[in-house]
Amino acid sequence: MERALKLVAASLPLVFAFAFLVPVIDQGMRALGLGAPFGLSTLTFALIVGGAWGLFAQVTGRWI
Amino acid sequence: MNAQSPILPEDLSQLSDGELKRLELKIARKHSGMVPWDAVIWAFANMAVWLSLWPLVFSGLLPLWIAFPIATINMALVYLPTHEAQHDIIARPGTKLRWLNELVGHATSWMLIFPFEVLRITHLDHHRHTNDPELDVDITTKAPGPWSAIWYAIKNRQPNAKRNHDYAASIMRAGRTDLILLSLAYKIGFIAILGTLAWNGYALEALLLWWLPYQIAITYIVFFLSWAPHHPSNEQGRYRNSRAWKSKVGNWGSMWMQFHIVHHLHPYIPLTRTPAAFWEMKPILEARGCELGEL
């Protein structure tokens, strides 16, 4: 249990990004009637943006 | 408001250090010792309102855009009852209502994604080491002005922020390494709840009822409870490590923090009694060379 917690904690920004940020971007865009560029679905776009942001936070230790 | 306390003599300049201390204690005791039922009601009413927002929004009875500011206010109001419990103000160890003190602490702190014991240990450490650059867990809120204070409050919540390490160090000093794991479990649990809601189609509800209100509230709490009452955070003496100041948003808007100096001197006085204690104590605080702003 302790090991599992530490493992998740070590990748918390990425976990947060895929667990929460991606669906927030996806559902937020749909609620605002915004389309994704390049013919992408809003979910694909959210996975790219949210995933990249999460990776940035994971590597740099900051979201902004 | 500035009328001399009946406890105090006309002229304090001739009093010794010990005599001033005795008078100060006499005033502090006058304003402490009672159960702050307002804080208890505040804690549970606030939590009940926030919890009720979820079914109201999910059932469509309350629009999300109305629930969002209410949730933000709820989040901002969570900390102070917990703070009363951290200081054992509701009931001291060994007293009949001790369970209530602990219940208020535990029942509310989870909304801020912190175990109650973590808040208690780190906050009491802040009192022991106020403005110490190495040991004060809140020293990272030190900022040259209000805008930078807001910016620092946001920066301090980043994954690798020094504040996280300061909190962990404080817990380690207390010998409670178990609480580090518990804190992690709270954070992971928070993300699990947000994620479960979000992937079931309630991402915006989770965002606007919890995550964003939490972020706004923490910034507000840090600004008024940590930065403003300690600014400029350069001194460590008992009478100089905190201050009184006149808030542009008034007493309620600053959550009684204009009188935070009284809390640091006598942390057992209930929050809502600190203004009265301050006005009575003011001549002593002036004699002690405290920073009292325009109050």
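## Two domains of chain B

The centres of domain 1 of chain B and domain 2 of chain B lie 26 Å apart, taken over C-alpha atoms. Domain 1 covers 1–30 + 237–295, and domain 2 covers 31–236. These bounds come from an automatic or database domain assignment.

This is a predicted model: local features need pLDDT of at least 70, side-chain atom pairs count only at pLDDT 80 or more, and totals for chains, interfaces and linings use all residues. Residues are numbered from 1 along each chain as its sequence is written, while chains are lettered from A and ligands numbered from 1 in the order in which they are written.

## Where the domains touch

In chain B, 25 residues of domain 1 are in contact with 21 residues of domain 2 (C-beta atoms, placed from the backbone, within 7 Å). On the domain 1 side, α1 (17–30), α10 (260–265) and α11 (274–287) of chain B each supply at least two residues. Helices are DSSP runs of H or I, at least four residues, numbered from the N terminus. The largest share of that side, four residues, comes from α1(B).

The domain 1 side has 12 nonpolar, eight polar and five charged residues. Ala, Val, Leu, Ile, Met, Phe, Trp, Tyr, Cys and Pro count as nonpolar; Asp, Glu, Lys and Arg as charged; the others, Gly among them, as polar.

## A helix crossing

Helix α4 (residues 98–109) and helix α5 (residues 116–128) of chain B have axes that come within 8 Å and cross at roughly 110°. Therefore α4(B) is roughly perpendicular to α5(B) (65 to 115 degrees). Axes are lines fitted to C-alpha atoms, for helices over the stretch in contact, and angles run from 0 to 180 degrees between N-to-C directions.

G105(B), H106(B) and S109(B) of α4(B) meet F116(B), L119(B) and R120(B) of α5(B). This contact comprises two nonpolar, three polar and one charged residue.

Note on methods:
Contact = placed C-beta atoms within 7 Å. Parallel < 35°, antiparallel > 145°, perpendicular 65-115°, else oblique.
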